[in-house]
Every structure is written in structure tokens, then in C-alpha cells.
Amino acid sequence: MSTPILVTGAAGFIGMHVCERLLDQGERVVGIDDFNAYYDPALKEARAERLSAYPAFILARGDIADDVFVRTLAREHGVKRIIHLAAQAGVRYSLDNPFAYQRSNLHGHLSILEAARQNDVDHLVYASSSSVYGDRPLEGAGFREDDPTVSPVSLYAATKRSCELLSQSYATLYGFPMSGLRFFTAYGPWGRPDMAYFSFTEKIMRGEPIEVYGEGKMARDFTYIDDIVDGVMAVLSHPPARHAHEVYNIGDSQPVGLMEMITTLETALGREAQKVMRPMQPGDVTATYADISKLKALTGYQPKISLRQGLENFATWWRAYRA
Ligand SMILES: NC(=O)c1ccc[n+]([C@@H]2O[C@H](COP(=O)([O-])OP(=O)(O)OC[C@H]3O[C@@H](n4cnc5c(N)ncnc54)[C@H](O)[C@@H]3O)[C@@H](O)[C@H]2O)c1
């Protein structure tokens with residue numbers, strides 16, 4: 001029997017779905033999360049409760065910035081594969097809480113690298129972000145992994161790009177294979193309440209107005225959670241050679257304007273939103289658009305769920321969760 005997979009951020013949105021897929025496939029999982037209050041910890045507890053229904057799931061509550069905790073846990077369980085998803089997410093929060101990003105994203109990433117090095121893992125897969133591409137207009141072509149990533153417009157983006165560079169140095173120095181995943185706007189059931197589609201839903205259903213930033217002109221490559229998980233699993237089973245470090249875009253590759261997303265959400269919820277237009281906020285980018293040819297060539301990756309279907313699934317989940 002293979003050793004358990006260590007998943008950080010297991011009580012998070014992407015983390016819960018990744019753990020569930022692994023457990024459904026018969027893997028054993030050790031999940032780390034600190035259940036911090038960046039958004040309602042009750043949602044994180046509810047996600048962890050779902051995972052705890054699997055006998056092959058072990059939950060370790062703790063902070064990934066505590067390198068002794070992470071290293072000891074990895075050693076005790078003989079971990080050979082790590083999926084590192086824990087981070088301080090969100091662009092706007094980084095304007096007021098910079099040190100949360102330093103702790104979870106920089107110090108935290110380094111603890112994971114050290115645990116991976118000391119266990120000489122077979123593969124470390126970790127979350128990066130589309131935000132590393134900076135503020136780019138929506139042009140004909142999607143963002144490619146070899147495009148420049150030297151102009152982050154938020155501290156969040158800067159820490160995510162820094163994680164990639166830290167990983168690059170560790171891969172060169174120590175050899176264990178590593179893959180970084182640049183996720184593009186993940187959404188779906190059990191999602192993050194700080195993200196627009198989720199907070200809009202809460203406001204629309206309470207009859208409150210929604211604030212539409214960037215005067216509605218922004219566009220996002222919304223990627224349904226099952227398609228995100230498909231990408232994570234595809235990469236996990238394709239470790240690069242020793243001393244190699246690869247980064248992959250994981251996105252739907254079909255950017256959608258914010259106003260179109262709102263219209264689709266209104267249809268899914270059966271209610272119209274009262275919209276208040278606002279200018280773009282510091283740290284936000286105009287558009288995101290994934291070129292996924294690299295992952296496609298390696299694994300045959302193909303996202304499947306349309307925004308309409310994905311938001312309907314989200315609305316169904318949200319109604320049940322709030323009931
Ligand atoms: N959701 C997206 O659209 C998106 C897009 C790009 C990148 N990402 C990245 O993907 C990863 C997962 O994102 P998500 O949307 O599931 O976010 P999330 O906030 O739902 O999940 C992150 C989890 O990590 C935990 N965590 C944070 N700091 C920790 C620490 N120091 N120690 C232990 N646990 C800690 C949190 O409690 C949370 O449960 C993150 O690295 C995020 O930056 C997400």
C-alpha cells in the first residue's frame with residue numbers, strides 16, 4: 001500500500017475537493033489546516049467534517065509556518081507525495097494584512113520545501129496563481145507559462161511568484177521533482193465566500209445591492225472546481241524528472257466578462273441583482289486567460305464544465321448549505 005499523501009489547506013475550497021477525489025480513488029490522506037478566520041471557519045469545519053467521514057483521512061490541525069510541526073508530521077507518516085494548497089488567498093485582503101501573506105505564503109512554503117527535502121519526496125505539487133501574470137489586457141492569445149511574470153500588482157501575486165522561485169532553487173539544489181499550478185479563478189460548490197460569485201449570491205438572495213468593480217469591464221477565466229481537481233490529479237501523476245521544476249496553467253481557457261458572469265448567476269439564482277458600478281480596486285487585474293496547451297500536451301487535460309452549468313451547481317449547493 002502506498003504511503004499517505006500530505007495535503008495542506010485540506011479544509012479549504014480546493015483542498016477539500018482534492019482530498020475527496022484522492023480518498024475516492026483509494027488513497028490515504030493526511031490533511032493540514034489551521035482553520036483561520038480569513039473567512040467563516042464554520043465553512044472550513046463543515047468541509048473537514050465531510051472528509052472525516054472517510055476512515056483513510058487524518059486531520060492535523062496546525063500552522064504550516066511551524067516547520068517542525070510539518071516536518072515531523074511528514075516523517076511520521078512516511079510521506080512521499082505532497083499537495084500544498086494552504087495559503088493566505090485573496091488580493092484585496094493583502095492591502096491591509098501584508099504579514100499574513102508573509103507568514104502563510106512565504107514562510108509556509110519554505111516549511112513545506114524543507115519537509116519535502118528531508119523526506120526526499122517523489123513529487124511536490126503546489127498552488128501558484130494566475131495573478132503572477134500581472135495586469136494584462138485581454139488579447140487574442142491566452143497567458144503562457146513562459147510569458148514574463150515580473151510585474152505583480154498585488155502582494156498576494158508577489159508571494160505566489162516568490163513561491164515559484166523558492167521551488168526552482170530547491171529543485172536545482174536538492175532534486176526532488178516539483179510542479180507549480182497556476183490556478184485561474186476556481187469556483188463551485190463549497191467555494192470561498194470572499195470571491196465575487198459567492199458574495200454576490202449572498203447579497204442577491206438577501207435583496208441587497210452588489211458592487212461591481214472595474215465598472216463591470218473585467219474578465220476572468222472562471223474554472224469549475226471539478227476541472228481544477230482534474231488538473232491537479234493529472235499533474236500529480238506526471239512528476240517531472242529529478243532536478244526539474246515545472247509550472248502549469250490550470251484554467252478553463254474561456255474568459256468571461258464580469259457582466260456576463262452576473263447575468264449567468266442571476267439566471268442560476270432566479271433573481272435579478274441591483275448593481276452599483278465601482279472603479280477598479282488596487283491590486284485587481286483587468287483580465288485572466290489561461291493558455292492550457294502545456295498541460296494538454298502532457299496529460300490530455302480538457303476542462304468540461306460550462307460557466308452556466310457550474311453556477312447552477314453552485315446555486316444548488318448554496319441553497320442546501322444555507323437552508
Ligand atoms: N480559488 C482560486 O480561485 C485560486 C486561484 C489561484 C490560486 N489559488 C490558490 O489555491 C490554493 C487554495 O485556494 P482556495 O481557494 O482553496 O483557498 P482557501 O482559503 O479556501 O483554502 C486555503 C486553506 O489553507 C488554510 N491555511 C491558510 N494559511 C494556513 C497556514 N498558515 N497553516 C495551515 N493552514 C492554512 C486555510 O485555513 C484554508 O482552509 C491557495 O494556495 C490559493 O492561493 C486559488
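How many bridges pair strand 4 with strand 5, and in which sense? Strand 4 (residues 81-84) and strand 5 (residues 123-129) run parallel, paired over 4 bridges; helices (H or I, at least four residues) and strands (E, at least two) are DSSP runs numbered from the N terminus, and two strands pair if DSSP finds at least two bridges between them. I82 has L124 in strand 5 as its bridge partner.

This is a predicted model, where local features need pLDDT of at least 70, side-chain atom pairs count only at pLDDT 80 or more, and totals for chains, interfaces and linings use all residues. Residues are numbered from 1 along each chain as its sequence is written, and side-chain values use heavy atoms, leaving out hydrogens and water.

Now the whole sheet: it is open, with 7 strands in the order 3-2-1-4-5-6-11 and parallel pairing. Strand 3 (57-61) and strand 11 (245-250) each have a single partner strand, so one side of each lacks a neighbour in the sheet.

| Helix | Strands touched | Angle |
|---|---|---|
| Helix 3 (residues 67-76) | strand 1, strand 2, strand 3 | about 170 degrees with strand 2 |
| Helix 6 (residues 155-174) | strand 5, strand 6, strand 11 | about 155 degrees with strand 5 |

Elsewhere, helix 7 (residues 196-206) packs against helix 11 (residues 307-322) at about 60 degrees, axes 11 Å apart. Residues meeting there include Y197 and F198 from helix 7, and W317 and W318 from helix 11.

Definitions and conventions. Contact = heavy atoms within 4.5 Å. Axes fitted to C-alpha atoms, helices over the stretch in contact; angles between N-to-C directions.
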